[in-house]
Amino acid sequence: MADVKHLREISYRDALREALREEMLRDERVFLMGEDIADPFGSAYKVTLGLSPEFGTDRVRQTPISELGFVGAGVGAALTGMRPVVELMYIDFSTLPMDQIANQAAKIRYMSGGQAQVPLVIRTQGGMGRSSAAHHAQSLEAWFVHIPGLLVAMPSTPYDAKGLLKTAIRLNDPVMFIEHKLLYNTEGPVPDEEYTIPFGVVDVKREGTDCTVVATSRTVLMALQAAEMLAQEGISLEVIDPRTLFPLDVETIVDSVKKTSRLVVAHESPERGGFAAEVIAQVADKGFDYIDAPIQRVCAPSVPTPFARHLEDFIIVNETHIADRVRRLVRGEI
Amino acid sequence: MPFEVKMPQLGLTMETGTVVNWLVGVGEHFTSGQEILEVETDKATVAVEAHHEGRLARVLVPAGQEAAVGTTLAVAVSPGESLSPDWGLPRAGTGAVAADIMPAGMQWMQTSGRSDAGDDRSRASARWPRPGALQPGVVRASWKARAMAHEAGVDLRTLAGSGAGGRVVAVDVTRALAAPSGVAPVPPVASPVAAQLAAALGLDLSRIVGSGPQGRIVQADVISAASALIQGRVAPGATPVSRPARVATGISGVIPLTGVRGTVSERMAASAHTTARVTLFREVDATAMIDLRARFSAQGTPVAYNDILTRVCATALRDYPEANARMGDGHIEQLDCIHIGVAVDTDRGLLVPVVHHADTLSIPQIAAESARLIEAARSGRCLPDDLSGGTFTITNLGMLGVEGFTPVINLPECCILGVGRIVRKPVVIESLSHPDAGTDEAEGGHPSDALGVRPMMMLSLACDHRVIDGAPAARFLEHVAQLLRDPLLLL
Amino acid sequence: MSEKMADKDERSVRQHSANEMHPEEGPPDDLTQEQLLGMYRRMRLIRGFEDRAKEHFEAGEITGFLHLSQGQEAVPVGVCTALRKDDYITSTHRGHHDVIAKGCDVKYMFAELYGRANGYCKGKGGSMHIADFSQGIIGATGIVSGSLPTAPGIALSIKMRGTDQVAVCFFGDGATAEGGFHEALNLSALWQVPIIFVCQNNLYGLSHPWDKTAFKCELARRVSTYNVAAECTDGMDAVAVYRAAEKAVERARAGGGPSFIEAKTYRFLGHYVGDPALYMPKEEREMWRERDATLKLGRQLRAWGYMSEDEDDQMAADVAKELEEAIAFAKSSPKPPPEDALTDVYGHFDYLGNPLDEGGR
């Protein structure tokens, strides 16, 4: 964020709305579909609030509860000249339109031998912390990273959210754009000026020398808090936010590990088969000679999300979990 | 073919041994050379290696039992084989089951199901190495340490690991590379039972000296290390005799093997175990040395005898570089600098600060430098460079009345000069006018020889015969003696 | 001649809807001779293509799965006669007849089935995923009902862009059991988009019969409750299908919203090549064979004087030759290099996520 003249503190939610609005103004082919997205409700997390009065209910097209139907419609529209941005209210509901996401959107370009493109953005959100229980608290990014043909973005700050969403809308490939329900109210500096963030570039959110932590979405904020805690103890933590899970800029992560020789990967979704495993496999290969201690994952235990607040808190990855693991790693206890 | 594992003869006088521990379970595969059980004799606990590859089929003497040398302790089968259920049983008549027709796997299952076979089913299923014990041949080291060691040509096995579980990590390799005169401590080899016991007692294996083969730490070593911390007991099973009742020995104090004490302890042991030490004794007339010291003192630049000795040794080492060498990894390294360490007794223990490039310094310069070093050593303010890099060491116990001694070589150096006290002794003063003076022919004596009193000082040069032979060491020592007799040769 | 010629006896022709023509009636006045001859030729081309494909699949030259449509050719030919080149269709795993009817060239079809670089999908799609976006063929899909949720989006795109194109969604009776079918109808009606749903009801979803898929269902009646204009037609009569399609197309182009056509038809073969189709009773198969739409149109054309016997034979020979040449073309076409397996995953990145040059694919 160099050479920026005007910075404002705005919320993650407002940053997303600005992105949508700017892209809809820029390109008349961009339109929105989803449940409850028109005013006065303005979508479940209020991201689209204010857009339907400006752009009309054709371009901010509120749908019935037909995830399969309207995601499919997004695919069809994208195939024939439009640039839809479809909202899945909760990523937990992505199971319903999964055929359209994984079999159609992801694969039509390839199966048609490159004849077609699917410039579709599916915006959704996940994450724990609202006592919303097992069907409204998942983080399923690993499923989508695994499907060739999809791009996956997970912004953690308002700046990243706006820049990445604008890019996602301009790309000609289907994007799963995964927000976090507890991030909507967080605030951060966002420039006045027009900017985009390219896919495939990680962000080193804090520099350090003793250990590298790679984290996604809200867990980035946990890692930054852990870094603050550890700094008091003389441990210097480098925090890296991939921002896009695919394409993944693993080279920057390897460069970091060259410097610190220790790696922890942290995310909120369950450990087993999670995105951390992908990062670690790549770093263990490309950064083999730089790793001085066993690579660690700090993730939720592989259980569904429980309802009771204290039970949910027990499994959410927080700054203490991350700090504790880093501490033991740096002290050579692992 | 099934083969038998028998109680080995582990010492000339051994008649019986006790099976301490089976290291493989029934059904488990072992390779030739792998340790498969531990046997205790009256001297030590020893691990017994397998002579052939095989799979343990039946244990006949379980852990805790004694057996005579030559007794079959267990039966094993070659890979791919199985043991028939009636192995070892007296041949029955026609009622015997022809077990050979059954499939191999099923036979084994039948065998191990028998409660009288003495096998430990839980161990049979514990196929992975138990915590703390690695597969033979595996070095626990991080990926980065491996890469660094490979780059630098350092053998990982020579490094002690400071990481979790004794893992060698990057900093261990860095240390080994940065401090070449520091001893890379040989990682202590310990039997699994010794390692487990040490872990249970909270003892650091690297502080325990091993008495087993090749310095291996065995259970008895751990126990004796621990006995410094626990009350001794009368050995169980000791035959009561009519003797005065023995009072159990108590402990009046404990000195932990940490810090300087620990380092010295460890380094002395390592030196004692690895060097082939030969000590050469030579008495010299210290008159010239005393005189030289007086002159410097009169001049206002007082020096100590050690400073003169330092300069003398440094000069001698120039001419005899074979005494300024050190043992590397599979080779002898000849060094191009001369750094002389002088042993200093401090209230924290024995330290050896080093005068670097001693051969380029004058005696007053050496005196100033060593004064600084001694002050720093005594006040605990030595810099790491002050204590490292030495190529030769001088240790002087003369002020404490010691006449001669056999100093421990300061690894990786190959020589150390021990200096004793100066004693006024009656000596034969050779007539200098005699043509044979100072030669071998003078040995037999000459009528013009006279008796005199001279201040004599014993030099004890201990050297590592792996690196330097006796004759060159003697020649070096002779040169040192010559320089001490005639300091003008220093110029 | 490998075409299986059925009995020319017309006693077993059954009338199914008011759209069907009796042979005694004169030629239809809503289709020209040229159009009718074109339809007939295209149906023969489809039939011949399917027969040839089966032959070469069984010879081991074509790999994977082959779901053939002999018997159903009247439906897409009838529909596509009512369409323009810039109209869209989506198709299914059993889609050769749909795409050839819309305009696919059998040369590039065979090249695709043979996995060649100049197949419609460069060898990467295969039988179940054939697409030609330049002719509005948005692609077949291997998932039953896979294109049902997509097609209303195509129609929505038309409406938002303000053109008078239409979107046709071909699917079978089996797909009507999937949730996406219902969501598609509902959204299409809500949005009033220019879409035509064409259900080729061949009475079987793989081995599962229609009357066990939906309880006492008349599809047109069921669909009409979604407030989508729905009609049932004889899928074994190309002209009848055309007429139903023409109505739907007019409605769509005029902004009248979605339509649904159920075309009753039959596949003469099993679900896939290799399926012995034991679940299809012999009498039923024979009955439908007698209603062969291609043969029927041929008979009608000759009856109307639009085509002589010689011309009929000549056309047969032409079609056969076209197909032979297409197969020869396919067999002599280059195979794509193995590295092509790694391309066309994304537009902006390679399959590993490295950025591609602008314009690179």
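How many residues of chain A are in contact with chain B, and how many residues of chain B are in contact with chain A?

Analyst: This is a predicted model, in which local features need pLDDT of at least 70 and side-chain atom pairs count only at pLDDT 80 or more, while totals for chains, interfaces and linings use all residues. Residues are numbered from 1 along each chain as its sequence is written, and chains are lettered from A and ligands numbered from 1 in the order in which they are written.

Ten residues of chain A are in contact with ten residues of chain B (contact means that the C-beta atoms of two residues, placed from the backbone, lie within 7 Å). On the side of chain A that touches chain B, five residues are nonpolar, two polar and three charged (Ala, Val, Leu, Ile, Met, Phe, Trp, Tyr, Cys and Pro count as nonpolar, Asp, Glu, Lys and Arg as charged, and the others, Gly among them, as polar).

Chain A also meets chain C, in a contact that takes 40 residues from chain A and 40 residues from chain C. On the chain C side, the elements that give two or more residues are β2 (137-139), α5 (151-161) and α6 (179-191), and the largest share, eight residues, comes from α5(C). By class, that side of chain C has 20 nonpolar, 14 polar and six charged residues.

Turning to chain A itself, its secondary structure comes to twelve helices and 14 strands (DSSP runs numbered from the N terminus, H or I of at least four residues for helices and E of at least two for strands). Of its 334 residues, 58% count as buried (20 or more other C-beta atoms within 10 Å of the residue's own, with C-beta atoms placed from the backbone), and among contacts between residues at least 6 apart in sequence, 79% join residues at least 24 apart.

Within this chain, the axes of helix α9 (residues 250-260) and helix α10 (residues 275-286) of chain A come within 10 Å and cross at roughly 60 degrees (axes are lines fitted to C-alpha atoms, for helices over the stretch in contact, with angles from 0 to 180 degrees between N-to-C directions). Val250(A), Ile253(A), Val254(A) and Val257(A) of α9(A) meet Val279(A), Gln282(A), Val283(A) and Lys286(A) of α10(A), and the residues of this contact divide into six nonpolar, one polar and one charged.

Technical notes. Buried ≥ 20, exposed ≤ 12 C-beta atoms within 10 Å, placed from the backbone.
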